[in-house]
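Please look at the structure shown below, and keep it at hand while reading the report that follows.

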4 protein chains.
Amino acid sequence: MDATRVSVVGATGYTGAELLRLIAGHPRLELAAIVGHSTIGQPVAEALPSVTGTLSARIEAFDASAVASRSDAVFCALPHGASAAVVRELRALGTVVLDLSADFRLADPEVHREWYGDHAAPELVSQAVYGLVELHREALRTADLIAVPGCFPTASILALAPLVREGLVAIDSIVIDAKTGVSGAGRAPKLEAHLPEIGEGIRAYKVAGLHRHTPEIEQELGRLAGQSVRVTFTPHLIPITRGVLATAYAVATPSSLGAERCAEAARALYDGSPAVSVLPVGTDPDTLWVRGANRALLSYAVDARTGRVVAQCAIDNLVKGAAGQAVQCLNVRFGFDEAEGLRAPAVWP
Amino acid sequence: MDATRVSVVGATGYTGAELLRLIAGHPRLELAAIVGHSTIGQPVAEALPSVTGTLSARIEAFDASAVASRSDAVFCALPHGASAAVVRELRALGTVVLDLSADFRLADPEVHREWYGDHAAPELVSQAVYGLVELHREALRTADLIAVPGCFPTASILALAPLVREGLVAIDSIVIDAKTGVSGAGRAPKLEAHLPEIGEGIRAYKVAGLHRHTPEIEQELGRLAGQSVRVTFTPHLIPITRGVLATAYAVATPSSLGAERCAEAARALYDGSPAVSVLPVGTDPDTLWVRGANRALLSYAVDARTGRVVAQCAIDNLVKGAAGQAVQCLNVRFGFDEAEGLRAPAVWP
Amino acid sequence: MDATRVSVVGATGYTGAELLRLIAGHPRLELAAIVGHSTIGQPVAEALPSVTGTLSARIEAFDASAVASRSDAVFCALPHGASAAVVRELRALGTVVLDLSADFRLADPEVHREWYGDHAAPELVSQAVYGLVELHREALRTADLIAVPGCFPTASILALAPLVREGLVAIDSIVIDAKTGVSGAGRAPKLEAHLPEIGEGIRAYKVAGLHRHTPEIEQELGRLAGQSVRVTFTPHLIPITRGVLATAYAVATPSSLGAERCAEAARALYDGSPAVSVLPVGTDPDTLWVRGANRALLSYAVDARTGRVVAQCAIDNLVKGAAGQAVQCLNVRFGFDEAEGLRAPAVWP
Amino acid sequence: MDATRVSVVGATGYTGAELLRLIAGHPRLELAAIVGHSTIGQPVAEALPSVTGTLSARIEAFDASAVASRSDAVFCALPHGASAAVVRELRALGTVVLDLSADFRLADPEVHREWYGDHAAPELVSQAVYGLVELHREALRTADLIAVPGCFPTASILALAPLVREGLVAIDSIVIDAKTGVSGAGRAPKLEAHLPEIGEGIRAYKVAGLHRHTPEIEQELGRLAGQSVRVTFTPHLIPITRGVLATAYAVATPSSLGAERCAEAARALYDGSPAVSVLPVGTDPDTLWVRGANRALLSYAVDARTGRVVAQCAIDNLVKGAAGQAVQCLNVRFGFDEAEGLRAPAVWP
């Protein structure tokens, strides 16, 4: 059987590098074009030293026709806003696109405008399927434009979806306290990621509803709840490279709800989902346990003294939170086993 | 004027080491006995390499009379449960005791029993004053037994006290998501603090109301609220050595509450408190900004979309969360300037 | 074609975990027994949370017959000293053994005794082939007992072998300054790996010829030099989890030697070696560039002012320095492509 | 007695911040002007969040007369090259200057030109005294221009000086392998200090004689040896914020030299030096043991198998390697106790 040919646009950032790693280990995929911007013409290993000895290709400039003609699918790992125009060109040529930016994640144009401003390719929004396989598996089988979710929404939605779906929590009581490693901030040097200023500290940022991942979470939980959902979402920067832990709090309904019941709801929803593991009640997930792996670890507890559920989800922000999730979507879209190329245990310790 | 003579019991743990550092830099204190357990007879620098070249004394075994006769005050930095008996001996000899364990923090014997079991010196509990200077300054001036708060309660209470005191949040809506560096877990090697298993991960522990610091927080907020308070408290372990960040969430009352109003409440409560700084609205505190310093940084935000206040407090768990707080209590008790020996900026970066 | 059946003895340490990860990703291998000691009967994921969702087997006690009958080859990842007896049992049953301990690395019994004491299976020493594929590829094709090198020797020997082989450095002038992540110290908690004491420090240990990896380095360089070699080897502990960087210094012969000539010598020796990359002169390797990968990055520089070569080698201590190297040996022994299952780029960042 | 008035030019970098911290804790100093560049007019705490609550002054633009008129001494913490012109202005006004740049460290103009290019104030070079108190204490008592050494030279020279001075090592055999935390690279964001690219890696840089700190080391060792000295110096970047460890190797003369003899030589040279501690033979220094402290920890070992001395020195690069050293120089220059304001134990853990 012929391999499926895939290209990566925006290959020299962290998500791009992770896509190259996962494609290299995927038995059904063949890497076609590696597209960059400031490193055009360089051997990939110069821009991404981690592929030294494994990849001899050079980085290409973006040329939609050249890329489309050699690719069955293209992963776009470009910044928010820059992606839409590239996606439009590729879609016009019929290529399946897995877009890792936020450009096509929000189905409601008004919500998109509110958080991101004007859209560069509004006519494509309705085509896009939100690439959280665990919730949109069927729609993804035929999707030609897949909006791969962000890392925070992936962790937050996976943790809360079973509770919201079964009405186990009060919809207006959701607080999500998220912690992320620094790679989520991208590869461009900045003071917030300068080791002396972050290496031994902890801090929140975009506090109290300012983070753009908030509406994605609300959209997906709202779909499950059948009503509008508003959450308080606060991210924190932690001095590690990879990993997102979402700790979500909500009022239990009924107040007698137990942790096992929450875990059951999760097991029911994620039955048949190879990328999700619901931990035994009493075991709390560690982001290190999923480093490098396309896996979400979920755990549920109930604070009986206060009647609140605490739902946790740990992922690797670059894998289940980005590149691995994109490959998982591609697997579904192209009819492969959903876990193809994504079965590796974590790189631990 | 004669120096005040102080001793440290339990000097070779992390809190003990920090006490020795702060005492060395305090112009009104003179170090008397340095008491240890497994390192008796060793030069201090063998047990605590950080004092090499600065301290030539040897570690002594605990002998209440010997310690009391040479000390105006004693810092007890022993584990919970082990402290009470030592405190009883010292108090019987009339020495002022600053106890850094949890043994005397809970005023209600029933609550203590529920969380810690039987008390080893129950007759002393009513003598003890809770050593959060910002809330108990007057009582501390004459206290002979001071129960120095834990690191999580210090950060949590300081963040929430202004809101609770002025009725700015719904009392039953408080969720505290705390993050701590690893030094809080003490000096005994354990898998949870083994660098390969923690160095690149994030995880919660004692989730959903299991952490023993919870009742301290509830006691102090309850005093301010004039009613019983229950909070959902969840700590997380972060791979840095020092620092606690408490991110507290609560429903704003009224829902139109603004962040400036919260900050004002904090400035009002902490006016004249040298160890607390309320940051400008929009600036989020980083634990690195207080490393090594006896300072709490507070910040307030309001999520207008959901009507929730987000209150943050960053401290160094070993300083404002332990040793520095103890010295601050001693300053108040002995009539020194409250900031004496505690004015240093943070060790940054 | 049937898969080759392999088992792992000592599976719950860091090297064991890495072996399980690499076996899972190897298309020619099938995992048979997973043998542990203190976790017998547990599901593997309880002892090694990183395999959650990927491995449902349970940990077995060691039973030589049971293991041998189900295995074509066995990886022994036991501590030094404990391995020899297990190896003897397995070899008596005819199983190919890849031993990751030091027990069979030293060919000279006197040298072994000097550094490790009496040998528990001396009769097997002469059977063992030193598992540094790049130097012993031919002998490994038929080896039934393979002594997989340690992490420091791997990095040190790979860096220096080309220079020693071609007589480019003075044999008596070699100094090796090595830096290692903490995972090399194993999984048992100890103060040296307790995050608060190591997380923000740098220190040497076993300074000035005390480290047991020294004679391995001398043995292999001596073989190439055709004469006895003595090196000054000093390891340093660095607060990261994975990675070894060896920085080796030696007097250039002739003194006019250039870096390009050194790099050429390395390219010549490692021609056809898929696990070694010689970097362009001027590029210094970073251990992060090989994390998770079975790859050694080499670089050469010459200090023209002093006439010294500086040879560097970066590896992941758990992969090319342990588990990956063992799989590479197995590939050679069983006639697979040497890079089978080992082609993944690094997990970066 | 009146306080000595000091100002800091270049206050918002890491060395500047550390100077402010040390000045705040120094009983004989009074802070006058705080001079910056891109943050003029801001409250200091905006540029340096670590001084929040301790310093209310604002950052000033540099005005030589304004600074000189209010200062008995000025610390210049400017980049190499930028410092000379500022120093010239201040010296012309008679102010004592402690310059933390490299501009006045090299006494030989030819050597300076070779490593740094043309000098901006060559007429002042002969006035400057090299500010390593342990070697130049007498000259510093009357110095009006003090060239405070860099962090690598401080550690390297302190470790090797006793050996070179007493002829215990072969002068042409010195190799220095240095490791540094990232704060030494300054506060400007750059890829080499971007946490995801450095946080979990180890790498060398400016390998084989390229680092500009090399000639300082050679100058000072040459003075002690009475002959020209050339060393092989290689720095490595380690993912911690503070700390330099220099591991120096040299051939012992005579070859029977023991470690105790080396330690004696160090104790003899540093007798009466409060900032240096020679550790017992067998104890290796850790940079964490001096974090925040103006202290150098020395240790000596001899590899009897190869006849090489291994000399180690651990310092905090921002304290004994920069700001603390500058204050120590000032103490000597102004007749204070050499350890005044510098007696604090390390901030450990």
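Two residues are taken to be in contact if their C-beta atoms, placed from the backbone, lie within 7 Å. In this predicted model, the contact between chain A and chain B takes 42 residues from chain A and 43 residues from chain B. On the side of chain A that touches chain B, the elements that each supply at least two residues include strand E7 (175-180), helix H8 (195-198) and strand E12 (296-303). The residues of that side of chain A divide by class as the table shows.

| Class | Residues of the side of chain A that touches chain B |
|---|---|
| nonpolar | 19 residues |
| polar | 11 residues |

A pair of helices within chain D comes next. Two packed helices are described by the angle between their axes and the distance between the axes. The axes of helix H7 (residues 151-165) of chain D and helix H10 (residues 259-269) of chain D come within 9 Å and cross at roughly 100°, and H7(D) and H10(D) are therefore roughly perpendicular to each other. Ala161(D), Pro162(D), Leu163(D) and Arg165(D) of H7(D) meet Cys262(D), Ala265(D), Ala266(D) and Leu269(D) of H10(D), a contact with 7 nonpolar, no polar and 1 charged residues.

In chain C, Asp316(C) lies in the loop between strand E13 (308-315) and helix H11 (319-333). Is Asp316(C) buried or exposed? Asp316(C) counts as buried because 31 C-beta neighbours lie inside 10 Å, where 20 or more are needed. Leaving aside neighbours within four places in sequence, Asp316(C) is in contact with several residues, among them Arg242(C), Gly243(C) and Val290(C). Although Asp316(C) and Gly243(C) are 73 residues apart along the chain, their C-alpha atoms are separated by 4.3 Å.

Terms used
Residues numbered from 1 in each chain as written. Chains lettered and ligands numbered in written order. Predicted model: local features only at pLDDT ≥ 70, side-chain atom pairs only at ≥ 80, totals over all residues. Helix = DSSP H or I, 4+ residues; strand = E, 2+ residues; numbered from the N terminus. Nonpolar A, V, L, I, M, F, W, Y, C, P; charged D, E, K, R; others polar. Axes fitted to C-alpha atoms, helices over the stretch in contact; angles between N-to-C directions. Parallel < 35°, antiparallel > 145°, perpendicular 65-115°, else oblique. Buried ≥ 20, exposed ≤ 12 C-beta atoms within 10 Å, placed from the backbone.
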